[in-house]
Amino acid sequence: MFASLKNTAFAAAATIIALPAVAEEVNVYSYRQPELIKPLTDAFTAETGIKVNVAYLKKGMIERLQAEGARSPADVILTVDISRLAGVVNAGLTQPVESETLAANVPAQYRDPENHWYGLTTRARIVYASKDRVADGEVTTYEDLADPKWNGRICTRSGTHAYNVALTSAILEHHGAEETQQWLEGVKSNLARKPQGNDRAQVKAIWAGECDISIGNTYYMGKMLSDDEQKAWADSVNVIFPTFENGGTHVNVSGVAMTKSAPNKDAALKMMEFLTSPKAQEIYAEANFEYPIADGTEAVDLVKGWGTFTPDAVNLMTLAGQRDAAIKLIETVDFDG
């Protein structure tokens, strides 16, 4: 009888041991569309076995995380633009992540000094210039956009859009409030039409002859070249990398952070380390026509074909600190009016 009980207990123990382990997973809130990050999440799952659940948010990430509080299922946030990254950090919704791997993968210029977020790729905010109506070397600096020679020749999206707020923040950091207001007034006076549409809509306007130059992000060139309808727009312009008079070319960043309440912290760290790896950065950069930032990585040939530039050296969190002042100046000059 004792032997029978012993065998039964052993069998029960063996059954318990044989139970499958609970699969790891990580939950992502993303401002980037699922199809743009799917190559990354698929590669991460293939390498680690960790399942990735992505919730795509068009807006309201801060409000959603605040409403969910400590019960939030989100482990990781993915977003673009330094103001959005800084906004989540400043709202107290992230936690610092100390990792030698992350520090090695991401140059200091492209990560939070307090380690709340890490950059994945960059994009430059550049000038698209008509091949027919703008001569080589005619525009070289951001400051030059306020020159009266461009009167009635510039198109841009809303001045209060995050991308233009970041550029204005950079002007503010380089030149101070008085000169930034003068710059905004000069650019506004040079507009061919009221700010409207997205960056691609401005290139379409150049193609249509409504303006000669526009302000936009580099990756839109790749998107237009990949679209049969929009390829003609892209073919009508040159990509120009302006600089600040006392700096480099303005860049912005896509980045990743861990939420304060991350329920799957270990899996979240693994994902952050994977996303910042040179391999993953190049996958992400290729999918989005952007620039990887890890040492030894390169953009795809199409992106490299647009030319080279030196990124401005101002830390992106410094620019994020200028955001409110920049918006106030944009509203003061009624840029969109």
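Q: Leaving aside its neighbours within four places in sequence, with which residues is Asn-252 in contact?
A: In this predicted model, Asn-252 is found in strand S8, which covers residues 251–258. Once the neighbours within four places in sequence are left aside, its contacts are Asp-81, Ile-82, Thr-121, Thr-122, Arg-123 and Ala-166.

Q: Is Asn-252 buried or exposed?
A: The relative accessible area of Asn-252 is 5%, and a residue counts as buried when this value is under 20%. Asn-252 is therefore classed as buried.

Q: Which residue has a side chain joined to that of Asn-252 by a polar contact of 2.7 Å?
A: Asp-81 is one of the residues in contact with Asn-252. The polar contact of 2.7 Å runs between side chains, and the partner of Asn-252 in it is Asp-81.

Q: Which helix gives the most residues to the lining of the largest pocket?
A: The largest pocket has a volume of about 760 Å³, and of the 30 residues that line it, Tyr-31, Lys-58, Val-80, Arg-84 and Tyr-163 are the closest to its centre. Helices H2, H3, H4, H6 and H8 each supply at least two residues of this lining. The one that gives the most, with 4 residues, is H4.

Q: How many nonpolar residues does the lining of the second largest pocket have?
A: The second largest pocket holds about 280 Å³ of space, and Tyr-291, Pro-292, Thr-297, Ala-299 and Phe-309 lie nearest its centre among the 13 residues that line it. By class, this lining has 4 polar and 2 charged residues, while the number of nonpolar residues is 7.

Terms used. Residues are numbered from 1 along each chain as its sequence is written. This is a predicted model: local features need pLDDT of at least 70, side-chain atom pairs count only at pLDDT 80 or more; totals for chains, interfaces and linings use all residues. Side-chain values use heavy atoms; hydrogens and water are left out. Buried means under 20% relative accessible area, exposed over 50%, partly exposed in between (1.4 Å probe, protein chains only). A polar contact is a pair of N or O atoms within 3.5 Å; within protein, one must be able to donate a hydrogen and the other to accept it, and residues adjacent in sequence count only if both atoms are side-chain atoms. Contact means heavy atoms within 4.5 Å. On a 1 Å grid over the protein atoms alone, a cavity is a set of points where a 1.4 Å probe fits but cannot get out, and a pocket is an open set with protein on both sides within 12 Å along at least five of seven lines; lining residues have an atom within 4 Å of a point. Grid points are joined across faces, edges and corners, and a volume is the space filled by probe spheres set on the points. Ala, Val, Leu, Ile, Met, Phe, Trp, Tyr, Cys and Pro count as nonpolar, Asp, Glu, Lys and Arg as charged, and the others, Gly among them, as polar.
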